[in-house]
Amino acid sequence: MKDARLGPDQRAQALRRLAAETFDVVVVGGGVTGAGAALDAASRGLTVALLEARDLAIGTSSRSGKTFHGGLRYLEQLNFKLVREAAHERNLMVGRLCPHLTRPTPFLYPLSHRAWERGYVGSGVLLYDLLGGARYGMPRHRHLTKRGVLREMPAIDPNRITGGLQYYDVIFDDARHTMNVARTAAHYGAVAGTCLKVTGMLRDGAGRVAGVRARDHETGDEVEVRGRCVINATGAWADLVQELAGEAQLEVRPAKGIHIIVPHDRIESRTGVLARTADSVLVVRPWQSRYWLIGTTDTPWEHDRADPAANAKDVEYLLTEVSKWLRTPLTEDDVVGVYAGVRPLLSGKAAARAVSSDQAATPAPEGRPSGADSKTTAALTRDHAVLEGPEGLFTIVGGKYTTYRRMAEDIVDAAARWMGGSTPKSVTAVTPLLGAPGWEVLRNQRGRLAAERGLEVEQVDHLLGRYGSLVGELFDLLAERPELARPIDGAPEYLEAEAVYAASHEGALHLDDVLARRTHISIETRDRGLAAAKRVAELVGEVLGWHDTRRERELARYEAQVDADRRAQREPDDDAAVAARRQILADGTA
């Protein structure tokens, strides 16, 4: 077992090891699939290097719908395999792998038509329950009358409904989950390095891919990381990384999805909601007990994959769709936060060289949009594909966040077969993430823990829900520096100790790493975290050794990002939003 901290000292040590050692597997990509592949490989006894161009979960893995779900909507596509697999993985997260990060949550499916709709939807939800297998405390679905729906959700417009069904899925914090997967991989021996952008592939004497060349964003230094093989788990960038090896086998078609956050008191409800739209679904989820998370859109994204932007039309669409179901419509003034992400969907020849047909992508259903001219990406497959080539390079593409563990297992299986030898089978289905072991005991002791440390029980609950049994490391920090028990100015739900811990243990290297991913201050406060930013920069800077100029540069960079996002959200379309963002960031210091 290794030290699972990802602080500045550990990063310096990792950089030395990355340059000096030859690994069995070099994993490129620090999203959930890459972190999952690193954990899978390390837990089989392989030596592993994990490289991320910027921050852990900075892409799709921090901008999801924050729900482990079985894919109820995919039953209509008759994709029973995906639904069964996703429901099984969801249940593993709740029951064994990361119960401290998950919240089983009821969702309402409102019915608008009499007779036929209840039978049609009800049979689908029943099948959803049956495919889901063991429930780990999540009740099975139930049918509700109109009166029953109004009891669960007084905010719903009674003129829109005839009744409803209620089922369960699981809310979780995606960015923290990905970071925990990466820390667990480090705990089992993986060497992780962030802010290392891969710029090229290394070859051995036989021409096989045998490592990568990367640039350290923090210093500008180049490093060569050697390995017996390379796993490309870069999601929306998978085809671009393949091109570095001189052989592009796939076409990733990026699709943008946005979410908005509104205060909890704007929708009186004890349940989340899933409802149909003209071309997809609308999902309203409770978030952190203080908000509702509403999404999503599903449209082609033809700009920088690293910087998706929400525009006014996106926000208006979600407000319009959710307001169709409410007694009191939501307005733009209700929106606290907005974020946009890019889905790495498969298109064209992605399945041409899949390792197995079970893992290959499938075309969009006949009659549904497909190809670059489509107005929507909602019909593209959410299945994943494992691709091999050129020799020594393995690429994983497609898939869903919920099935990340299976995706990681599949890609490591493919690499292990190629390397030969007797690599053990995956054990990640029975390997809890850090923070899970002992979490239930601490939850039962939360009253005593609060009294011993001078905290409110609600604060201990908050910490347990974010750190699980790793909360002991936070308590050690508070014992050394009791003043860090103060709430962060401008974001009182978080303690100052959490900002320090983000830099000392969780790999945060920049201000936005803390405000956007280790916490969610950037989307949970109306000022997008501007009031909290100064104090957080001071706390993080103490750990990372920032001088005054560096601290001011981080603040200016974050402020420019917030200004750019706000400006983009006032523009009518993607082109205008991107142009507005680019202008502001060019004029600022970001």
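**Strand pairing and a helix face**

Biologist: Which residue of strand 13 stands opposite Arg 276?

Modeller: Heads-up, this is a predicted model: local features need pLDDT of at least 70, side-chain atom pairs count only at pLDDT 80 or more, and totals for chains, interfaces and linings use all residues. Residues are numbered from 1 along each chain as its sequence is written, and side-chain values use heavy atoms, leaving out hydrogens and water. Helices (H or I, at least four residues) and strands (E, at least two) are DSSP runs, numbered from the N terminus. In strand 13, opposite Arg 276, you'll find Val 281.

Biologist: How many residues lie between strand 12 and strand 13?

Modeller: Two strands pair if DSSP finds at least two bridges between them. Strands 12 and 13 are antiparallel, joined by 4 bridges. They form a hairpin, and the number of residues between them is 4.

Biologist: What is the bridge partner of Leu 108 in strand 12?

Modeller: Strand 4 (residues 102–111) runs parallel to strand 12, with 2 bridges joining them. For Leu 108, the partner in strand 12 is Val 273.

Biologist: Over to helix 1: within what arc do its buried residues fall?

Modeller: Buried means under 20% relative accessible area, exposed over 50%, and partly exposed in between (1.4 Å probe, protein chains only). The buried residues of helix 1 are Gln 10, Arg 11, Ala 14 and Leu 18. They line one face of the helix, because seen down its axis (taking directions from the axis to the C-beta atoms) they fall within an arc of 100°.
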